[in-house]
Amino acid sequence: MPSQTAKLGEWRIYETAEAVAEHAAEWLCALACACEREFAICLSGGSTPRSLYQYLAGNSIASRFPWNRVHWFWGDERFVPHDDPASNYRMAYDALFSRVPVSKDRIHAIQTEGVSPERAAANYQMLLQGYYGKKRFNVERPIFDVTLLGVGENGHTASLFPNSVALRENRRWVVAVTGEARQTRITLTYPTLDSSRNLAFLATGANKKDILASIRAGDTQPPAARVRPVGHLFWFADRAAMPS
């Protein structure tokens, strides 16, 4: 059942992680179907998004989804080849794109081979700017219609980690993140993530209970708590992740 908590967004709580994925997939499908123009979705990695992607690819949703009008982007990526098991692109491809009628020119993956992490970030920024048509965001015209994000136990989201210099970036759209995780990452920055008509966090499992309690209590230190989309903010969570 939805609950509104001021600027913390709308919280939609479900009994199980599978229910979170199923309802989030239906929500995403409804938004895409209701839009008659080109529609841009920014994807997340993680186990709950994987289930969401599998629901999108299932017959009940895939037959209704407007595949020919949707562009797909990523909020972050590990700097590994796209066929690596750790790749967010590979996860989305296996769970979704390999099973639905989407053309390759609508799938905008982050380059992870043949360039440095810094060049990969710069290239993805140019790709996003080319799609958007401008080098600066207009608050009245977000680049993404839907952005999907997860939240880590330490409060990180995308590849924006606690105490990272990337948290203070307000000029670049995309940056390389090195030395802050086991693998080098490429991540969108706050200005880019915030340029979203609808932004949804997916949080499931008891290991998310503490960080959700902190965010709901108003703690602004966790990186996930600093996301402020220009549009609507949603949290899809299961009972296990919710504070007592």
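Modeller: Asp94 is partly exposed, at 40% relative accessibility; the term covers values between buried, under 20% relative accessible area, and exposed, over 50% (1.4 Å probe, protein chains only). Its salt-bridge partner is Arg90, and the closest N and O atoms of the two are 3.2 Å apart. A salt bridge here is a side-chain nitrogen of Lys or Arg within 4 Å of a carboxyl oxygen of Asp or Glu. Both residues belong to helix H4, four residues apart, which is about one turn of the helix. Arg90 is likewise partly exposed, at 30%.

The model is a predicted one, in which local features need pLDDT of at least 70 and side-chain atom pairs count only at pLDDT 80 or more, while totals for chains, interfaces and linings use all residues. Residues are numbered from 1 along each chain as its sequence is written, and side-chain values use heavy atoms, with hydrogens and water left out.

In total, the structure holds nine salt bridges. One of them joins Glu15 to Arg239, with 3.1 Å between the closest N and O atoms. This pair connects distant parts of the chain, 224 residues apart: Glu15 sits in the loop between strand S2 and helix H1, and Arg239 in the segment after strand S10. Helices (H or I, at least four residues) and strands (E, at least two) are DSSP runs, numbered from the N terminus. Glu15 is exposed, with a relative accessible area of 58%, whereas Arg239 is partly exposed at 47%.

Another salt bridge is formed by Arg106 and Glu38, whose closest N and O atoms are 2.9 Å apart. Because Arg106 lies in the loop between H4 and H5 and Glu38 in the loop between H1 and S3, the pair ties together parts that are 68 residues apart in sequence. Arg106 counts as buried, at 14% relative accessibility, while Glu38 is partly exposed at 34%.

Glu38 leads on to strand S3, since its loop lies between H1 and that strand. Five of the five residues of S3, residues 39-43, are buried, so the strand is largely enclosed by the rest of the structure. Phe39, Ile41 and Leu43 cover one side, and Ala40 and Cys42 the other. S3 runs parallel to strand S4 and is joined to it by five bridges; strands pair if DSSP finds at least two bridges between them. Ile41 stands opposite Trp72 in S4, and its bridge partner in S6 is Val146.
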